[in-house]
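Please read them alongside the sequence and the coordinates.

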Amino acid sequence: MGRPITDVATDLLFSALPGAVAQVLRVVHELQVHQIELEMQNEELRRVRDELEASLAPEDRDRAREAGFDAHLPKPPGLDAVNAVLAKDA
């Protein structure tokens with residue numbers, strides 16, 4: 001089977017443009033594809049997280065929240081996220 005028609009069309013478009021412009025557009029295209037892949041992975045992770053939370057016994061869910069699980073921040077945390085947690089505890 002050959003390459004997808006969208007790849008062929010993209011190559012034709014980029015080959016018709018001046019070198020630097022074509023290179024920039026190719027990088028932008030690759031970043032857009034990567035962003036879509038990351039968004040799909042994020043959706044899958046959220047779905048799995050929701051399934052795990054739903055499978056917890058209510059007392060386990062309560063203990064996790066009491067232990068501060070609801071305030072978990074990814075590293076590095078954004079300033080807005082830190083301020084929201086601090087405001088909640090104030």
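1. For the terms of exposure used here, buried means under 20% relative accessible area, exposed means over 50%, and partly exposed lies in between, with a 1.4 Å probe and protein chains only. Valine 8 therefore counts as partly exposed, its relative accessibility being 32%.

2. This is a predicted model, in which local features need pLDDT of at least 70 and side-chain atom pairs count only at pLDDT 80 or more, whereas totals for chains, interfaces and linings use all residues. Residues are numbered from 1 along each chain as its sequence is written, and side-chain values use heavy atoms, with hydrogens and water left out.

3. On confidence, where pLDDT is the predictor's confidence in each residue, from 0 to 100, the chain averages 78, and 87% of the residues score at least 70. Among the elements of the chain, the lowest mean pLDDT, 74, belongs to helix 1, and the highest, 84, to helix 2.

4. The chain has four helices and zero strands, in the order α-α-α-α from the N terminus on; helices (H or I, at least four residues) and strands (E, at least two) are DSSP runs, numbered from the N terminus. Helix 1 covers residues 5-15 and contains valine 8, while helix 2 covers residues 19-55.

5. Of the 90 residues in the chain, 3% are buried. The chain exposes about 7,900 Å², of which carbon and sulfur atoms supply 62%; accessible areas come from the Shrake-Rupley method with a 1.4 Å probe, and for residues only the protein chains shown count as cover.

6. Valine 8 also belongs to a nonpolar surface patch of about 300 Å², made together with Ile5 and Leu12. Patches consist of residues with over 30% relative accessible area and no salt bridge, with like charges joined within 9 Å and nonpolar side chains (Val, Leu, Ile, Met, Phe, Trp, Tyr) within 5 Å.

7. The structure holds one salt bridge, defined as a side-chain nitrogen of Lys or Arg within 4 Å of a carboxyl oxygen of Asp or Glu. Glutamate 44 and arginine 47 form this pair, with their closest N and O atoms 2.5 Å apart; both lie in helix 2, three residues apart, about one turn of the helix. Glutamate 44 is partly exposed at 38% relative accessible area, and arginine 47 is partly exposed at 37%.

8. Leucine 25, in helix 2, is partly exposed, with a relative accessible area of 35%. Leucine 25 and phenylalanine 14 are eleven residues apart in sequence, and their C-alpha atoms are 7.6 Å apart in space.
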